[in-house]
Amino acid sequence: NLNFQEFFTDDEFTYKVSYTQNTQLVFVGWVDPAGYFESFVTKDYELQVTCVDGFTYLENLSYVDLLGVPFRGKQNGYDIIRYALAKNKLNLNFNTSINTIYTGFNPANDITTGAYFDTARFVKDDGDTIMSCLEVLKDILNTWGATIGQYDGEWYIFKLNELRSDPTPTFFKYNSAGTALGKVTIDTLAT
């Protein structure tokens, strides 16, 4: 008598999922409405539900403020990342470890807070279309050769090639509202 028809919805942000193992949060995401499958023809009733981290949804959301107005002027990488990630509505902490500096920049600080970008770069070649949040996020991360992934229910932004020389990177930690929460070191060999 179970009915999972409510998974068929136009709003991708309807069913939030948290996956834990032994009380440890591992993943936070959304039930993908297109990833639902029920088998009514087999002897055993099978149900398959796909969960996603919401990055594919960022592809359809323009990089604009909460009122739908395009950003103007300069923004630092930290704010760009924070605003783009906020659009997937997961409200997860994010951590950055991008060991890139420029002359005069204090390497004890997070480069994402010290590097500024002109928001005009987030308008497509036609001069009118605003890039999607996913395009903007990729653009900024590619600037540093960085990638993003989820680990223990938080976003981690890092340079993958640096894990070879330092398997225990230290990350600057922020909550989803953008408040700095200090630093955290992750032992990637133990995970």
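**The pocket and its surroundings**

Strand β9 gives the largest share of the lining of the largest pocket, namely three residues. Before going on: this is a predicted model, in which local features need pLDDT of at least 70 and side-chain atom pairs count only at pLDDT 80 or more, while totals for chains, interfaces and linings use all residues. Residues are numbered from 1 along each chain as its sequence is written, and side-chain values use heavy atoms, with hydrogens and water left out.

Strands here are DSSP runs of E with at least two residues, helices are runs of H or I with at least four, and both are numbered from the N terminus. On a 1 Å grid over the protein atoms alone, a pocket is an open set of points with protein on both sides within 12 Å along at least five of seven lines; a cavity is a set where a 1.4 Å probe fits but cannot get out; lining residues have an atom within 4 Å of a point. Points are joined across faces, edges and corners, and a volume is the space filled by probe spheres set on them.

The largest pocket has a volume of about 170 Å³. Its lining has 15 residues, and I98, N99, P107, N109 and F172 are the closest to its centre. Both β5 and β9 (170-174) supply at least two lining residues each.

Now to D110, in the loop between β5 (94-97) and α3 (111-114). Is D110 buried or exposed? D110 is buried, at a relative accessible area of 3%; buried means under 20%, exposed over 50% and partly exposed in between, with a 1.4 Å probe and protein chains only. Beyond its neighbours within four places in sequence, D110 is in contact (heavy atoms within 4.5 Å) with T96, F105, F172 and Y174. Its side chain makes a polar contact of 2.7 Å with the side chain of T96, and another of 2.6 Å with that of Y174. A polar contact is a pair of N or O atoms within 3.5 Å; within protein, one must be able to donate a hydrogen and the other to accept it, and residues adjacent in sequence count only if both atoms are side-chain atoms.

Last, the chain: five helices and 10 strands, with 40% of its 191 residues buried.
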